[in-house]
Amino acid sequence: MADNRKFSDTKDFEQKRSLRITGMTCATCARNVERALQKTEGVRFAAVNLATDTAFLVLDEDVPQTRLKEAVEKAGYGVTTESVDDFEKRRYIEARQNLLVALSVTVPLSVLMILHMVGAHMPWFVLLEVIAGGIVVFYAGRKTIKGAWIALVHWHTNMDTLIFFGSVASWVTAVLNFLGLPVASFGSIGAMIVTLHITGRYVESRLRDRAAKEVKSLLKIQPREARIRTEEGEEFNVPIEAVKEGFTVIVKPGERIPVDGTVTKGRSSVDESMITGEPIPLEKTPGNEVTGGSLNLTGPLVVNATKTGEDSFLSQMISLVQEAQGAKIPIQALADRITLFFVPTILVLAASAAVFWYLRYDLMLPFINAARSWLPWVLETEGAVSFAVFVFVATLVIACPCALGLAIPMALVAGTGAAYKQGLIIRNAEAIQTSRDIGVVVVDKTGTVTVGSPKVVRHDLQPEDLACVIAAEKQSNHPLAKAITAVEDEKNNLSVAVEDFEETSGEGIRFKAKEEDYVVGKPEDFSAYTSDLEAGRTVVEVRKEGRRAGCFVIEDPIREDSAQAVQKLKESGIVPVMATGDNEKTARAVADRVGIDVVHAGVRPERKLDIVRGYQAEGKKVMMVGDGMNDAAALKGADIGIAIGSGMDLAIDSADVVIVKGGLSKVVSAVGISLKTFKVIGQNLFWAFLYNVVAIPLAMAGLLHPAVAEAAMAFSSISVVLNSMRIKWEED
C-alpha cells in the first residue's frame, strides 16, 4: 500500500493512497467499488483498476483505513493488506485447485454427454449430470456464485451474475428432467460453462500477472534488512524499517544497497539497471550517490543513509508505477458508462429472447431446422421450454463483458510496464491519449539537450575573489553553481564568510563577502565573449562592487542522443523548440548542433510558461521537456510535461512523465510507447465491442450453443490480454 503525503504552498492537505481490492471479477465490480469510495467522506478522487486489483485514492484529509475498508465492504468487496507476492500466491493456489476439480469432473462428463447425444443412451446419465454438475457449479464455481450473490444483495450486477444465472439455470434443467418434467437437460452444459469460465479466468490471471510484473520486480529488489555500523564500530543487521537518515550502512559485494545514500568509503561497480534501465554498471567512489535497490557488484561500500522508507527513490518509483497502472484515461469514461448498464441490459435481453422463443417456437421451427443443417450445435428439441432455456443461457454467457472491462486497463498495465523498462515512468495515464495529438515539443537546454553536468573549462578570477564566489555558490543548487564549486585551486583554501546571500531564478546570485558586494550571473555585455558563446559555451560573469572581476567559461556537453532524437521528432511531424535562460549565441550554437530551428533564448522560468501557452493558443498540443526544477510551471502548463533527471522531488509534482535516466531519446520512446498503447486500446475496444455486437444477436436467435458461447467469451478476454502484452513484447 502506498501512502504519499504532501503539503502545497497554500497548506492544503493532499494524501495519495493505494488499496488492494479483493473479489472483483469484471469492470462493473471495479466501477461499483470506485463509486463506493468516491462517496466516502474525505475522498476527493478514486480510480479502481481491474487489471491490477488496486484502488488509487486522492484524499482531502487523513481518512482512517477502517473507513475506506468499510466503504469497500459495503459494496460487497474486500481490502487486503497482504504483500503482492503472498496475495498472488494464495490466489494462484486456490484458482489451480478449483480448476483441477472442475476439469477432473467436467472432462469425463463431457465425454459421456457426447456419447449420450450420439445414441449411447445411459438411463443414469441425467442423475450423473445433477450430481457432477452440482459439484462443478456449486463447489468449483463457488467464488463465482459468491460474487454474484454479493452483487445481487447490494442491488447491482456483474459478470459473475451472468455466469451464475447461466450455469445454475442449466443445472436446474437437469434436476427438472430427472424429476420427469418435459425439459431437455443442460446439466453438462452448466458444468462446462463454469469450467471454461474458471479456465479462462485462470489463464487471463496468469497473463495479467506477467503483464504487471514490473511492480513485483521492484518490490523484490527492496532489501528486507540492512547491516549498520554504530559509532562504537559494532555491526549488526536490522530490519529496513529501522534504518534512519544518517545511519552508517555496510554493503558487501553481491548485496543490494538497502537505502539511498552517499558513499563514504570504498570503491565498487554498482548495477542500477533495475532502476534506470541502463545495463552498464557504474563506478562508485567516496562522494558518489547510490540508490536503494541497486546491486553492489565488486567491492565493499560504506554508505551514509540520506533517504529511507517511503522517501527513498525506489519507494517513490514503486508508488509512481502503481499510480500509473491504476490510473484512467478519458476514453475509459465511455467503457465505464457502457459496462455500468451492460449486465442489466443483457439480463433483460436474455429474458425477452427466452419469452419470444417460448411463445413463437412453433412458428420459428423451420428457421431452426434450416440453421441446424449448417450449425450442428443448435439444439434439437420439440419443446419450446427447452429451446427458450437454451437461448437464455447462451445469451447470458456470450454477453459477459470481461473483454470490454479489460480492454483499457490491460493496455495501460502493459504500456506503463514497457515504459518502465525503458527508464520511463508514465505517471499520468492521460498523457497516453494526448501524445497522439502533440504538435510541438518545447525543450530546455541544460540537462535536457545537454548532459546537465557542466564543467568550468577556464576562469580568470583572482584567488581571493574565487574563494568568495565558491563559498557563496555552495549555498546554491543550480547546476552552474555546482560546476563552479568543483573548481580546484591550490590557493583556494581560505574560509570565507558569506552574508546577505540572495539567489534569483534565471538571473544569478548576490552576496557580500569581506565587506564587498558581489554579483554572479549573466554578463552585462555579451560581445566580450563572442568566441566562447559561438562555440556553445556559457559565460558566468563575476562583478565586484559593480565592476567586472572576472568570469567562468563553462561547457555542458551535448547528450549523444540529442541530435538523433530531434531528427526523429521532426520525422514524426513534431516541431522541436528550445526555450532556455542562456543567451542567444550559446543557445543557437547548441540548437544548430542538434538540429533545432526555433530557439527562445534568455527567457526566465515564468516566460517558458508563456511560450507554452502561446503555442496552445494557436491550437497546438504542447509537450514540455525540462529538468523538473526551473521548468516546473511550464511542465504543469503543458499538455504533457516530461521531467528529465533523477532529481525526483519537483518532477513528481510537476511532470506527467518522469525519465529516470537518459535524454531526448527517452522522449521519443515515451511518445512511441504512448502512441502504441493508445493504438492497442483502440484495437481492444473495437474487438470487444464487435464481439458483443455480433455474438449477442446470434445467441438470441438460438444459433449459439452455451458451451461455444463460453469458449468464445474466454477467448475474447484472453485475446485482449495477449494483444495488450504485444506492447511489452515489441519493446523488449
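## Briefing: strands, cores and confidence

F552 in strand 22 is the bridge partner of V540. Strands here are DSSP runs of E with at least two residues, helices are DSSP runs of H or I with at least four residues, and both are numbered from the N terminus. Two strands count as paired if DSSP finds at least two bridges between them. This is a predicted model, in which local features need pLDDT of at least 70 and side-chain atom pairs count only at pLDDT 80 or more, while totals for chains, interfaces and linings use all residues. Residues are numbered from 1 along each chain as its sequence is written, and side-chain values use heavy atoms, with hydrogens and water left out.

**Overall make-up**

- The protein chain has 25 helices and 27 strands.
- Of its 732 residues, 54% count as buried. Buried means under 20% relative accessible area, exposed means over 50%, and partly exposed lies in between (1.4 Å probe, protein chains only).
- The chain exposes about 32,100 Å², and carbon and sulfur atoms supply 56% of that area. Areas come from the Shrake-Rupley method with a 1.4 Å probe; for residues, only the protein chains shown count as cover.
- Among contacts between residues at least 6 apart in sequence, 68% join residues at least 24 apart. A contact means heavy atoms within 4.5 Å.

**Confidence**

- The chain averages a pLDDT of 81, and 85% of the residues score at least 70. pLDDT is the predictor's confidence in each residue, from 0 to 100.
- Confidence is lowest in strand 1 (residues 3-7), with a mean of 40. It is highest in strand 23 (residues 575-579), at 94.
- Residues 1-11 have a pLDDT below 50. Beyond near neighbours in sequence, this stretch has 25 contacts in the model.
- Where pLDDT is low, predicted coordinates should not be read in detail.

**Strands 17, 21 and 22**

- Strand 21 and strand 22 (residues 547-555) run antiparallel and are joined by 7 bridges.
- They form a hairpin with 2 residues between them. In the turn, E545 has a positive phi of about 55°.
- Strand 22 also runs antiparallel to strand 17 (residues 455-459), with 4 bridges between them. Here R458 stands opposite V553.

- Within it, 3 bridges join strand 6 (residues 225-229) to strand 8 (residues 248-251). I228 has V249 in strand 8 as its bridge partner.
- Another open sheet has 3 strands in the order 11-10-13, again with antiparallel pairing.
- Strand 11 (282-284) and strand 13 (295-296) are at its edges. Each has a single partner strand, so one side of each lacks a neighbour in the sheet.
- Strand 10 (residues 268-271) and strand 13 are joined by 2 bridges. V270 stands opposite N296 in strand 13.

**Nonpolar cores**

- The largest nonpolar core has 58 residues. Such a core is a set of buried Ala, Val, Leu, Ile, Met, Phe, Trp, Tyr and Cys residues joined through side-chain atoms within 4.5 Å.
- The residues with the most contacts inside this core are I346, F387, F392, V393, I398 and A399.
- Helices that each supply at least two residues of this core include helix 3 (84-117), helix 11 (332-372) and helix 24 (664-700).
- Helix 12 gives the largest share, 12 residues.
- Leaving aside neighbours within four places in sequence, A399 is in contact with L162, F342, I346, N692 and I696.

**Helix 20**

- Helix 20 (residues 584-594) has the buried residues T586, A587, A589, V590, A591 and V594.
- Their cover includes helix 15 (445-449), helix 19 (562-571), strand 21 (538-544) and strand 23.
- Just after helix 20, G595 takes a positive phi of about 95°.

**Single residues**

- E606 lies in helix 21 (residues 605-617). E606 counts as partly exposed because its relative accessibility is 42%.
- The C-alpha atoms of E606 and A633 are 6.8 Å apart, although the two residues are separated by 27 residues along the chain.
- C468 is buried because its relative accessibility is 1%. C551 is buried too, with a relative accessible area of 6%.
- The disulfide count is 0, where a disulfide is a pair of cysteine sulfur atoms within 2.5 Å.
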